[in-house]
Each structure stands twice: as structure tokens, then as C-alpha cells.
Amino acid sequence: MTLFIRLIGQNVLSFCAYLGQLLLLAVDSFRSIFTAPIRWRLFLGQMLEVGFRSQLVVVVTGAFTGAVFAAQTYFQFHRLGMDSAVGAVVSVSMFRELGPVLTGLMMAGRVGAAMSAEIGTMKVTEQIDALRALGVYPIDYLVVPRLLALMISMPLLVAECVGLGILAGYFVAVVLLDVQGAYYLDYMISFTGSRDIKMALTKGVVFSLIIVFVSCHQGLNAKEGAVGVGRAPTEAVVIGSLSILVINFFLSLILNAIFPAGV
Amino acid sequence: MITIPIPETPPASRPQAPPLISIRDLWKRLGEQEVLKGFDLDIPTGQTLVVIGRSGGGKSVLLKHIIGLMKPDRGDVLVEGESIVALSERQLSRVRKKIAVLFQSAALFDSMNVEENIAFPLREIGLKNQALIDERVAGALEMVDLAGEQKKMPEKLSGGMRKRVGLARAIVTEPRCILYDEPTTGLDPIVADSINRLIRRLQKRLGITSIVVTHDMKSAFHVADQIAYLYDGRVYFKGTSEELRASTDPLIHDFIQGRSQELRTDD
């Protein structure tokens, strides 16, 4: 029994220590943004890497999620004679949940893994020590450009994902399943408001912070050797994805109080 | 344990310059192991001090303390009389611009070519004139016998060439001091010898204070003005190469000869 309690205690303590380290990294990074010069070349490089090169992933995710969601909603609603409500359901769901969460998960996989692997490799090959020895603070050089790039890219990628989801949903419902286009659009517009857009974009920014801090923390704390470097991206993706899913629930409750649905 | 007293005064032929770096009663524990146990050392300005000791004995840990990459559990490190132990990472940047490091793996930035690697510290100190940067990069490469290799990527370089590029990056800002972490480890004897000559040449030509940590005795004797033997977390011996060679202490003798304890028992 004592062993069991000790085990739980140890895990709780290490979890708290981990959260503390993430918080310190976040504080240090935001302080860097305001106190150290921004490295614009690195920032633009990261914009290209995380923003532009994530297009395919986001386009495919958004389009096929919207398409399948429209089809499934239609199959259920058709039995009740509510075909034209499909647009509203697809639109609100894409904005409030599916768009931000799926973009977050895809970016945690694509960008989070790359960030932690790159920084982890730099750590074990002494390149981060070399940066420090040359008088360069690694947070300024490695974390801040990634943080700014993802904070700007993520809301845009979420918007792209949602937009393509809605377009694909329209195509499936109206073109393939013969739902009346005018009613589809009318319901969609009347049930979707700026509150849903704000919710999607807020979630995008929050998820970008989770991805950057979890991934950079894993990279900066990578252990020596191939196993250590290999573990960093795996853990970054797992912790990042799970954090997005869990935090999304609480974020939905909070944001729903601020931006109530369908009002 | 038998200890040889550290000479109070250096040989008459080599007057002692004021220390550029002083290490005072340094203690460091890594996990279960106490790596440094009250390490004391002065590094005189303009000289090459070689720290020898067994692998895993704390030599690299010592170097990392000198440049503030590690914080000691106890003790102090003074650079030009200023304590660096309590400085924050940002405050340390100022100190680190006086001291360059050649890492064991050279630690070249693998996303940059040779030229960009060497130009990096110049850009960091605020140099913007591209012609001047190019000129200084070419000069540094010439000094390490790698003229014309600017465009190569680090993965295309041999171990010896990587160390030379690392050295060019270290000297390009003309630092007050260079720390060498195992500069000849993993290199064939010919390349190792050329690196040793390079260290010597740089010290003579630029008058840079150097601290070399190594377990390669040939290299140590080649480059050292003074040698300190790190044993059991402390300075066990400090003196010139001649004094080290003349020592009759069995521990020092075994280390110089590369004889293990087992071999001595077998004898």
C-alpha cells in the first residue's frame, strides 16, 4: 500500500515538475520576444517550414473530414427530412471542434516531431552548447522563431482546414447527394457566426503554444544517443496530441461560455 | 594518497603572468558521482595549460564550468577577476565572447556550410559588412590550412577537417582564450600532429591563452606550457612537461606510460 501511494506521489510530483519546466520555458520564450532582437531570417524559414509546407496535410485533412462528415450527417438527417440542416452542422462542427483539433493533431505530428528531432539532434551533437558558448541564448535562436511562426501559421491553417471542410461538405451534400444548395447555404450562414470563427482561431493559437513548448522542451532535454534522440519526437507527438485532446475539452467549455453556440 | 606539492612559483625561465581564469574550490556532483572535489587552478594569461586525466574523470565538466555551460555545486570560477558562477545565461554572453571553445565533436552547425559556420560568431558580435566578413573567414580558414573550403557542408568533411573548421570558428573573433576539449581524440596520428602544431602556432602567433583537456600524452607534451593532472576530482599535479616527465609518483608514471593497474600487478 505504501509502495502504491509512493508510486502515485512520485508520478504526481514528476508531472508537476514537467508542467513547471514547460511554464518556465514559456515565460522565458515570451520574455525573449520582448527583450531580445527577433531573428527574422529564422522566423521566415520557420514560416516556410511550418506554414507553407503543411499545406498538403491541412488540405487533405480538412477536405476529407468535411466530406465524410457531410455524408454521415446527411445519412442520419435524410431519414428525418432535415437534409438542408447538414450545412449548418458541418459548418459549426468544423469551426468549433473538428477544424482546430484535427489541424492541431496533424501539426503536432508533422511540425512537433520535426522540431523536437532537430533540436534534440543539436543537443546531443553539442550544437546547442556551441550556440551558448558563442554567446547565443538557445531560446532566442531556436524557440522564439518557431513560436512566432506557429502562432501566426496555426490560425491560418485552421481557417484553411475549416474552409476546405465546408467546401467539401457542400460538394458532397449538394453535388453528390442532391441537397438543395440554397437551403444548405441559408441554414449554414444563419447558424454560423463570428463567435465560431473566434473560437476556431483561439483554439488554433492555444494549440500552437502546446505544440511549440512540448516539442522544444522534448528537444532541449533529449538524452544522449540514438535512443534519446529517437524518443524525443515520439514523446513530443504523443504528449502534444494528448494535451491537445484534453485541453480542447476544457477550452471548449470555457470558450462556449465566452462565445455561446448558436446564439 | 601521495600528492606532489603544486609548485608555488613557476620555473625562473617562464615568469608567471596574472591568471586570466581562476578556479576556486570547485565541487560538482553528476548523479551519484562526485566529479570535482575542490578543484583549484589558475590559468596564466598567454600560456597553454593542459589538463590531463582519465576518461570520465571530469575534464570536460571542468571546461564547461569555465565557460558557464555548467553551474558548480560549490566554488567559484573567475574570468579576469569577475566571478561567473552567479551570472545568468544572458549575462554570460558577455564573458563567453572573450572565450572560444573547440568542442570534442567540433559541434559545427550542420545546417550551415563552412563559411556560414565561421561567419556565425562574427555576425553575432554585430559585424554586417559582407566583404569584411568574407575576408575574416578566408583569413581564419587560411590559418587552419583550409583555404578555399568555404562552400563545403560539415557532413562532407573528415574528422580532422571538422576540427580545423571548429578551430577557425573559434579564432575568427580573436578571443582572449580558447578551450580545447580533446582536440586530437579520434584522429589518426598524422592529423593529430597537425592539430597539435596548429594549437602551438595559434598560441605563438595570436598570443591566445589556451586550456587543453586531453588524455593524449603526446599531444599534451607537444602543446603545454604547464600541465595539470586531474585525479579524483582535484589537481594532483601541476608543473611543466619536464617536471611531469621527471616525476617518480607511480600514479603519474602509470598515466604517462599508459599502464593500467592490472598490468602493474601482473608485472
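What percentage of the 267 residues of chain B count as buried?

1. Of the 267 residues of chain B, 41% are buried, that is, have 20 or more other C-beta atoms, placed from the backbone, within 10 Å of their own. The model is predicted: local features need pLDDT of at least 70, side-chain atom pairs count only at pLDDT 80 or more, and totals for chains, interfaces and linings use all residues. Residues are numbered from 1 along each chain as its sequence is written, and chains are lettered from A in the order in which they are written.

2. Chain B contains ten helices and ten strands (DSSP runs numbered from the N terminus: H or I of at least four residues, and E of at least two). Its radius of gyration, taken over C-alpha atoms, is 19 Å, close to the 18 Å given by the globule rule (2.2 Å times the number of residues to the power 0.38), so chain B is as compact as a globular protein of that length.

3. Eleven residues of chain A are in contact with 15 residues of chain B, contact meaning C-beta atoms, placed from the backbone, within 7 Å. On the chain B side, H2(B) gives the most, with four residues.

4. Within chain A, the axes of H1(A) and H6(A) (lines fitted to C-alpha atoms over the stretch in contact, with angles from 0 to 180 degrees between N-to-C directions) come within 9 Å and cross at roughly 90°. The two helices are therefore roughly perpendicular (65 to 115 degrees). A:Asp28, A:Ser29, A:Ser32 and A:Ile33 of H1(A) meet residues of H6(A) including A:Val143 and A:Leu147.

Notes. Two residues are in contact if their C-beta atoms, placed from the backbone, lie within 7 Å. Angles under 35 degrees count as roughly parallel, over 145 as roughly antiparallel, 65 to 115 as roughly perpendicular and the rest as oblique. A residue is buried if 20 or more other C-beta atoms lie within 10 Å of its own, exposed if 12 or fewer, and partly exposed in between; C-beta atoms are placed from the backbone.
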